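Q: Please go through this structure and set each label against the rule behind it.

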Amino acid sequence: MTAKTVPADPTRSDSRPTPQRSVLSGGPEAVEIMADIDSELHPALGKTLKPAHAAVTDEALSYDAAAIAAYYRYRPLQAIGRFLGIIWPFLTFYVALWWDRRTDRLQQNERQRAVQLREMLTDLGPAYIKIGQALSTRPDLVSPIYLEELTQLQDQLPPFPNEVAFRFIEEELGDRPDKLYAELSPQPIAAASLGQVYKGKLPTGEVVAVKVQRPGLAERITLDLYILRRLAAWMMGNMKRVRSDLVGILDEFGSRIFEEMDYIQEGHNAERFAQLYGHLQDIYVPRIYWKYTQRRVLTMEWVTGTKLTQPEVIHAQGIDARYLIDVGVQCSLRQLLEHGFFHADPHPGNLLATPEGKLAYLDFGMMSEVKPAQRYGLIEAVVHMVNRDFEGLAHDYVKLEFLSADTDLTPIIPALGNVFGNALGASVAELNFKSITDQLSALMYEYPFRVPAYYALIIRSLVTLEGIAINVDPNFKVLSNAYPYISKRLLTDPAPQLRNSLRDLLFKDGSFRWNRLENLLRNARNSSDYDLNRVMDQAVDFLFSERGVFIREHLVEEIVKTVDNFGRNIFQSVTYALQERIGLAVNPPTLPTEDQKSLEHIKRIWDILRETPGFDPARILPLIPRLLLNPEVQHMGQRVGVGLMQRSLARFIREFLLEDETIVRPTSPGAESRGGGSLVVRGQ
């Protein structure tokens, strides 16, 4: 059966094909396709039209759980057979490990068991290969021998026959490969879970990678998803401790993997990724050649590079692998927290260090999105966690849908303090993403947490990325490297959610927390695209907007207190100097501890600003006219003047007019009637 593809849209200047809609959406073409499916795959059904059939063939391009369930509901033996085919290899592997442990031969047979696991996952198919790929990036979870074997699942799987691949190319692109490409490698260069890659050259001379999809993918994947979904539904209905939306997580994974089977969609993903992140320093995204791309064939620019899991090879080329890891982390932060469009499968086969020292992203099939509310919620959660604001963190989990809105947070707040207090250690530099997710997993069994479906791929992406990073640098901490970016976003993002978070971070019980501002400024200056002048402009705009009323009120109090303390300190210092000159000096002037700390904070903040790249005191001058002409600044100036006068007058009355006045204050209720009391001297 020849695949039916949607022709290129003639109105598009680049002639890029439009992604096919699912045949499940109906229409004449869907009827024709499904009739073909019925007659070819199920002759006994004749021309009976059953839309569910389309959900389990290579014609289906969108995941439909209901259609898949409808299809297999009438094929229980097929589902049961596959279920037993999955369980038996895992059971055999477990028994072999158990016997090795009993006979004290675990180490001796480790290589054999690692090979057995790799071959088992390969035989089980794409869904299980992806599990192995995720494990292949975690040197903190599996031993080096297992890592070595599982790494082969990234791009060294058994290929399918060239005859099938070349037939797919001809069916999809309309001609034989030797007529389309000037050169094409006789054998695939790499083979992964969903397809295999050939190296080729276009007639115009560009070197390209030609990816061809494996045959029969949809049928294998839909059956596995059906079985796993039924199992997830059973667990949610029968195991009280399982509160996460396992079915939703499976559906999210199913949607992403079905999109991954559509190479037209992958091409669009690659171009969108390049538009959003290709401008970042040392990020490289290969070009898509649309004339040679259809649903089962993708032609893209060939990228020469080295996997990040080979740091010695990268280092030998004069490239700093640790730097490229940091580039990847910064790019991932912008994917997850800025634009929301992120690469959900960043295993080592999809991240290469190029000879030019750039980080190249490959394979844009499995992508996902984070909604704005979720992005801001994640930023707020990191801020609250780093600053040990566990009450704020508990409310963040409600916003992120980890907890329902009616959950009693009273017992959860101290539990978060106990768990994360240990995981966080002494500083941000000790943060480890895996340890934090492990600690949260422990909490979920005791309290009504649930993992929302959208978060599963985020976890997978971050854990995979941290696994790659750990392989390069065992001490690498994704979360600690992320905090400069988080700090920069808090200081520069005008979104109301983050402005409120910044306010809550800096003010507590009416007091300004100078140490938090220091920490933000110190971390933000380490962010590669931090613009201090932009921060100052935005700070002025926000401060004098309606949303800045709260901060203006507290700022007036802080200015009054600071100026008053500073003036008093100068006055006392001058007085002491004069007294010392005439021989009347007794004790040198000292500021109260709290006032001294405030002045020290201000000095440190000024030092941080001076050391921030791009800081220029001359850039502050243009702000002065804006401030002086602003009505709110004039009003603040009046309030500061009144506040200083009030404090000065109060101090004058206390220290001079009441210097010799004494009063009798009762020491206890009824003491006056008994004639008892204590002598209190005002002003002392």
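A: The model is a predicted one. The protein chain has an accessible surface of about 34,000 Å², and carbon and sulfur atoms hold 56% of that surface. The chain counts 684 residues, 49% of them buried. There are 28 helices and 15 strands. Among contacts with a separation of 6 or more, 68% are between residues 24 or more positions apart.

Q: Why is E260 called buried?
A: The label needs a relative accessible area under 20%. E260 has 4% relative accessibility, so E260 counts as buried. This residue belongs to helix α11, residues 246-260.

Q: What is E260 in contact with, leaving aside its neighbours within four places in sequence?
A: Contact requires heavy atoms within 4.5 Å. With those neighbours left aside, E260 is in contact with K130, L194, E266, D345, D363, G365 and M366.

Q: What makes helix α5 largely enclosed by the rest of the structure?
A: Helix α5 covers residues 126-135, and seven of its ten residues are buried, so the helix is largely enclosed. The buried residues are P126, A127, Y128, I129, K130, G132 and Q133.

Q: Why is the aromatic pair of F402 and Y455 called edge-to-face?
A: Ring centres must lie within 6.5 Å for a pair, and planes over 60 degrees apart count as edge-to-face. The centres of F402 and Y455 are 4.8 Å apart, with 80 degrees between the planes, and the pair is therefore edge-to-face. The structure holds 13 aromatic pairs.

Q: How do you know that the pair of F402 and Y455 links distant parts of the chain?
A: F402 is in the loop between α16 (390-399) and α17 (412-424), Y455 is in helix α19 (residues 453-472), and the two are 53 residues apart.

Q: Are F402 and Y455 buried or exposed?
A: Buried is under 20%. F402 has a relative accessible area of 1%, so F402 is buried. Y455, at 12% relative accessibility, counts as buried too.

Q: Which residues do ring pairs link into a cluster?
A: The cluster consists of F273, Y277, Y361 and F364.

Q: What makes the charged end of R272 sit over the ring of F341?
A: The rule asks for CZ of Arg within 6 Å of the ring centre and within 35 degrees of the ring normal. The charged end of R272 is 4.0 Å from the centre of the F341 ring and sits over that ring. Likewise, the charged end of R296 sits over the ring of F168, 4.1 Å from its centre.

Q: How do you know that E148 forms a salt bridge with R111?
A: The cut-off is a side-chain nitrogen within 4 Å of a carboxyl oxygen. In E148 and R111 the closest N and O atoms are 3.2 Å apart, so the pair is a salt bridge. E148 lies in helix α6 (residues 144-150) and R111 in helix α4 (residues 110-124), so the bridge ties together parts that are 37 residues apart in sequence. By this rule the count comes to 20 salt bridges.

Q: Why is E148 called partly exposed?
A: Partly exposed lies between the 20% limit for buried and the 50% limit for exposed. E148 has 47% relative accessibility, so E148 counts as partly exposed. R111 has 35% and gets the label partly exposed as well.

Q: What makes R118 and E149 a salt bridge?
A: Their side chains meet at 2.6 Å, N to O, and the limit is 4 Å. R118 is in helix α4 and E149 in helix α6, 31 residues apart. Both R118 and E149 are buried.

Q: How do you know that D473 and R322 meet in a salt bridge?
A: The N to O distance is 2.9 Å, against a limit of 4 Å. D473 is in the loop between α19 and α20 (478-492), and R322 is in helix α14 (residues 321-339), 151 residues apart. R322 has a relative accessible area of 31%, so R322 is partly exposed.

Q: Which residues do salt bridges that share partners join into one network?
A: The network holds R111, R118, E148 and E149.

Q: Why is V472 called buried?
A: V472 has 18% relative accessibility, so V472 counts as buried; the limit is under 20%. This residue is found in helix α19. Leaving aside neighbours within four places in sequence, V472 is in contact with L308, P311, A321, R322 and I325.

Definitions and conventions:
Residues numbered from 1 in each chain as written. Predicted model: local features only at pLDDT ≥ 70, side-chain atom pairs only at ≥ 80, totals over all residues. Heavy atoms only, no water. Helix = DSSP H or I, 4+ residues; strand = E, 2+ residues; numbered from the N terminus. Buried < 20%, exposed > 50% of the residue type's maximum accessible area, 1.4 Å probe, protein only. Phe/Tyr/Trp six-rings, centres within 6.5 Å; stacked < 30°, edge-to-face > 60°. Areas by Shrake-Rupley, 256 points an atom, 1.4 Å probe, with all protein chains shown as cover.
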